[in-house]
Amino acid sequence: RDELQDVCSLIYRCYRKRGYCEQNATGLHFSPFMFGRDSRTFMLRANQALQGTVSIFPDSAAGVPCESLYPEEVAKLREQGIKFAEVGLLAVDIDKSTNRKYSLANRAKMAPLFMLFKILLNYAFYHGTSHLLIMVHPRHEELYRFLGFKPFAEPKPYEGACGNPAVPMMLDLDEEQKSASRSLRKFFLRNMFSPSVFATQLSQEPTAFADVFGESYYSYHERYVPSGIWSAQREA
């Protein structure tokens with residue numbers, strides 16, 4: 001319960017600063033995709049304080065977030081038999097770290113982001129994922145190009161981020177492994193974590209969810225997620 005609240009509170013604070021989510025009385029922000037069976041949310045702590053978080057949503061019966069904007073592109077990936085996942089809900093508390101802003105010119109200032117992506121990429125490899133999708137604000141496109149992502153469609157306004165523009169980008173992990181010559185690539189691919197560290201997931205236990213959000217996890221989905229697909233996944 002405490003980890004769930006800490007993560008959703010950090011995401012809310014960071015997203016409100018950038019205008020990516022609406023103000024609400026709970027001071028919490030999350031995505032239903034965080035609670036998929038194979039989804040994982042990673043937390044970076046410094047001196048017990050939550051410094052950053054990022055989530056990965058492997059494709060499932062519920063789909064992936066960017067499918068709401070790019071259904072044809074996502075459908076094509078499935079037709080090709082590509083095993084993909086989407087990266088989302090990245091939040092780094094700059095004020096609580098020594099890093100005041102992202103800077104490609106200073107890798108030390110990128111350390112929290114790199115550490116989060118290291119464990120995320122490790123999980124993707126462990127899970128057998130070959131491609132990662134992400135939607136980013138145009139001002140962050142250069143950063144993700146640096147990490148190996150490439151745009152795969154034109155930007156569109158994204159309702160899930162208060163109508164801010166989103167650039168859809170994709171990372172081919174197989175290609176990255178073959179070209180892992182740069183020091184940054186080596187950092188991500190060296191010293192892989194044991195699969196056992198990925199066993200823990202944010203609680204889906206109804207009482208813990210209700211303690212934080214004031215209602216059960218599944219009643220939230222039934223009210224806010226269309227087509228009943230999350231109920232179907234629950235039954236599965």
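1. Two strands pair if DSSP finds at least two bridges between them. Helices (H or I, at least four residues) and strands (E, at least two) are themselves DSSP runs, numbered from the N terminus. In β4, L133 is the bridge partner of E86.

2. The model is a predicted one: local features need pLDDT of at least 70, side-chain atom pairs count only at pLDDT 80 or more, and totals for chains, interfaces and linings use all residues. Residues are numbered from 1 along each chain as its sequence is written, and side-chain values use heavy atoms, with hydrogens and water left out.

3. The chain holds nine helices and seven strands. Of its 236 residues, 49% count as buried, where buried means under 20% relative accessible area, exposed over 50% and partly exposed in between (1.4 Å probe, protein chains only). The accessible surface of the chain is about 12000 Å², and carbon and sulfur atoms account for 49% of that surface; areas come from the Shrake-Rupley method with a 1.4 Å probe, and for residues only the protein chains shown count as cover. Contact means heavy atoms within 4.5 Å. Among contacts between residues at least 6 apart in sequence, 68% join residues at least 24 apart.

4. Strand β4 spans residues 131–136. Strand β3 (residues 84–92) runs parallel to β4 and is joined to it by four bridges. With strand β7 (residues 164–172), β4 pairs in the antiparallel sense over six bridges; L132 stands opposite L171 there.

5. How much of β4 is buried? Six of its six residues are, so the strand is largely enclosed by the rest of the structure. Both faces are covered, with H131, L133 and M135 on one side and L132, I134 and V136 on the other.

6. H131 counts as buried because its relative accessibility is 11%. The H131 side chain makes a polar contact with the side chain of S130 at 2.9 Å. A polar contact is a pair of N or O atoms within 3.5 Å; within protein, one must be able to donate a hydrogen and the other to accept it, and residues adjacent in sequence count only if both atoms are side-chain atoms. Leaving aside neighbours within four places in sequence, H131 is in contact with I82, K83, F84, A85, M170, L171 and D172.

7. In helix α7 (residues 206–213), the buried residues are A208, F209, V212 and F213. Seen down the axis of α7, they fall within an arc of 110 degrees, so they line one face of the helix; the arc is that of the directions from the helix axis to the C-beta atoms. G214 follows α7 and has a positive phi, near 85 degrees.

8. Rings of Phe, Tyr and Trp (its six-membered ring) pair if their centres lie within 6.5 Å; planes under 30 degrees apart count as stacked, over 60 as edge-to-face and the rest as tilted. The count by this rule is 16 aromatic pairs. One of them, F117 with F149, is edge-to-face, at 6.3 Å centre to centre and 85 degrees between the planes. F117 lies in helix α3 (residues 111–127) and F149 in the loop between α4 (141–146) and β5 (150–151), 32 residues apart. Both residues are buried.

9. Y126 and F198 form a stacked pair, 5.7 Å centre to centre with 25 degrees between the planes. Y126 is partly exposed, with a relative accessible area of 47%, whereas F198 counts as buried at 3% relative accessibility. Elsewhere, ring pairs link F30, F35, F209 and F213 into a cluster.
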